[in-house]
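Here is a short note to read alongside the model, written for someone meeting it for the first time. Keep the viewer open and follow the points in order.

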Amino acid sequence: MSAPRPPLTARLVSSPFFWAALVGVLFGLPIVRSVTRRLGAAPAVLGTLPAFALIDQRGQPFGSRELAGHVWVADFMFASCEGACPLLAERMAEVGRRARKLGPDFHLVSISVDPARDTPERLAAYAARYGANPLAWSFLTGPADAIEAAVVGGFKVGMGKEKQPAPGNGEPAGNGEFWQIFHGENLVLVDRELRIRGYFPATPEGLDRLMEAIGRVVNA
């Protein structure tokens, strides 16, 4: 008479295949969840930019033609700005550092909303303050109507200027000497097909969300 077979539980526990499978489940499941969270759905398409042609800080033509095929982030600024612009430039520089492994597939673009004063030379000096490599970070200027068409018509971002009381005496500014320039303060993510994929505030949390979105768009 043959000896009775051990219970199923005992047979499983004694099997090396059981332990291999258990280890795979215990350690593999968190990895799968992590990868799933990282890859997630790509950001929605919010619109497509029309073609635009401006001039960069080197005095070279630069616009949608040069940016097609790249993932890029844009912001809006002017060189004499003492309000939000320095922070925006610092945030853009941080995005560039965090995305440096993407190489030439990724680009930064800062568009001046004060083209009357922001010549390529002035933008080059401004870019140098933030260590901007012109091959990776373009500062753009151009005719006022072309700037407005790109910023307002394309990005759907507000910009303009308002006459303000002259400082000190409360009188209206004469001959347009004192103007308050305004512009959008979000960073805008654009994909390889010139489609807008998100607007992100220049906050630490906003930058984290932007970097996550960049990863998803790059790997889409």
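Predicted model: local features only at pLDDT ≥ 70, side-chain atom pairs only at ≥ 80, totals over all residues.

1. You will find Lys 156 in the loop between H6 and E7. Its backbone deserves a look too: phi is positive, about 60°, although Lys 156 is not a glycine.

2. Leu 194 belongs to the loop between strand E9 (186-190) and strand E10 (195-201). Is Leu 194 buried or exposed? Its relative accessibility is 14%, so Leu 194 counts as buried, given that the cut-off for buried is under 20%.

3. Now step back to the whole chain. It has seven helices and ten strands. Of its 220 residues, 39% are buried. The accessible surface amounts to about 12600 Å², and carbon and sulfur atoms account for 60% of that. If you count contacts between residues at least 6 apart in sequence, 69% of them join residues at least 24 apart.

4. The sheet comes next. Six strands form an open sheet with mixed pairing, in the order E1-E10-E9-E4-E5-E6. Which strands stand at the edges? They are E1 and E6; each has a single partner strand, so one side of each has no neighbour in the sheet. E5 and E6 run parallel and are joined by four bridges. To locate this pairing in the viewer, look for Val 109, which stands opposite Ser 138 in E6.

5. Please look at helix H5 (residues 120-129) with its side chains shown. Pro 120, Leu 123, Tyr 126 and Ala 127 are buried there. These four residues lie on the same side of H5, because they cover an arc of only 120° around the axis. On the face turned away from the buried side, H5 carries the exposed residues Glu 121, Ala 128 and Arg 129.

6. What covers the buried residues of H5? The cover includes E2, strand E4 (71-77), helix H4 (85-98), strand E5 (106-112) and strand E6 (137-140). Following H5 comes Gly 131, with a positive phi near 65°.

7. Gln 57 sits in the loop between strand E2 (53-55) and strand E3 (61-63). With a relative accessibility of 9%, Gln 57 counts as buried. Where does its side chain reach? A polar atom of the Gln 57 side chain lies 3.0 Å from the backbone oxygen of Trp 137, and the side chain also reaches the backbone nitrogen of Phe 139 at 2.9 Å. Leaving aside neighbours within four places in sequence, the contacts of Gln 57 include Pro 120, Leu 123, Ala 127 and Ser 138.

8. How many aromatic pairs does the structure hold? There are six. In one of them, Phe 52 and Trp 72 are tilted, with 6.4 Å from centre to centre and 50° between the planes. This pair links distant parts of the chain, 20 residues apart: Phe 52 is in the loop between strand E1 (47-48) and E2, and Trp 72 is in strand E4. Both count as buried, Phe 52 at 10% relative accessibility and Trp 72 at 0%.

9. Trp 72 has another ring partner, Phe 155. Their planes stand at 85° and their centres are 6.0 Å apart, so the pair is edge-to-face; the angle cut-off for that is over 60 degrees. Here too the pair links distant parts of the chain, 83 residues apart, with Phe 155 in the loop between helix H6 (144-154) and strand E7 (159-163). Phe 155 is buried, its relative accessible area being 0%. Ring pairs link Phe 52, Trp 72, Phe 76 and Phe 155 into a cluster.

Key:
Residues numbered from 1 in each chain as written. Heavy atoms only, no water. Helix = DSSP H or I, 4+ residues; strand = E, 2+ residues; numbered from the N terminus. Buried < 20%, exposed > 50% of the residue type's maximum accessible area, 1.4 Å probe, protein only. Polar contact = N/O pair within 3.5 Å; in protein donor to acceptor, adjacent residues only side chain to side chain. Contact = heavy atoms within 4.5 Å. Arc of directions from axis to C-beta. Phe/Tyr/Trp six-rings, centres within 6.5 Å; stacked < 30°, edge-to-face > 60°. Areas by Shrake-Rupley, 256 points an atom, 1.4 Å probe, with all protein chains shown as cover. Pairing = 2+ DSSP bridges.
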